[in-house]
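Biologist: Hi! Could you walk me through this one?
Modeller: Happy to, here it is.
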Amino acid sequence: MKTNRFWKMLAVALVVALFSIGTAIHRHADGRPLLPAAHGQIIGPAITQDAQDVLITASADGRTLYIWTFGDWNLEERRLPVFQRVVRSR
């Protein structure tokens, strides 16, 4: 009976610790999300002359284009976009 009580108290302590760590991280970020939000538009996919897949996105005002390529396939059969360059209009 004492061992069940020990594990229950240990589980409660772990949950409290997780909440306190989350609160500390949230306060450290000043209440802001940890990752910045992007407000833009996807122009669409394309293929370069070298047969490389490219994704083109635009800023919210439409004056800046961002060119992304895709890396190698990872273990989950996904390719993550890799930032290449920025094209700005005048």
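Biologist: How many aromatic pairs does the structure hold?
Modeller: The structure holds three aromatic pairs. Rings of Phe, Tyr and Trp (its six-membered ring) pair if their centres lie within 6.5 Å; planes under 30 degrees apart count as stacked, over 60 as edge-to-face and the rest as tilted. One of the pairs is Phe6 with Trp7: their planes are at 70 degrees and their centres 5.1 Å apart, so that pair is edge-to-face.
Modeller: This is a predicted model, where local features need pLDDT of at least 70, side-chain atom pairs count only at pLDDT 80 or more, and totals for chains, interfaces and linings use all residues. Residues are numbered from 1 along each chain as its sequence is written, and side-chain values use heavy atoms, leaving out hydrogens and water.
Biologist: Is Trp7 buried or exposed?
Modeller: Trp7 counts as exposed because its relative accessibility is 54%. Buried means under 20% relative accessible area, exposed over 50%, partly exposed in between (1.4 Å probe, protein chains only). Phe6, with 49%, is partly exposed.
Biologist: Which residues form one aromatic cluster?
Modeller: Tyr66, Trp68 and Phe83 do. Tyr66 is partly exposed at 25% relative accessible area, and Phe83 is partly exposed at 38%.
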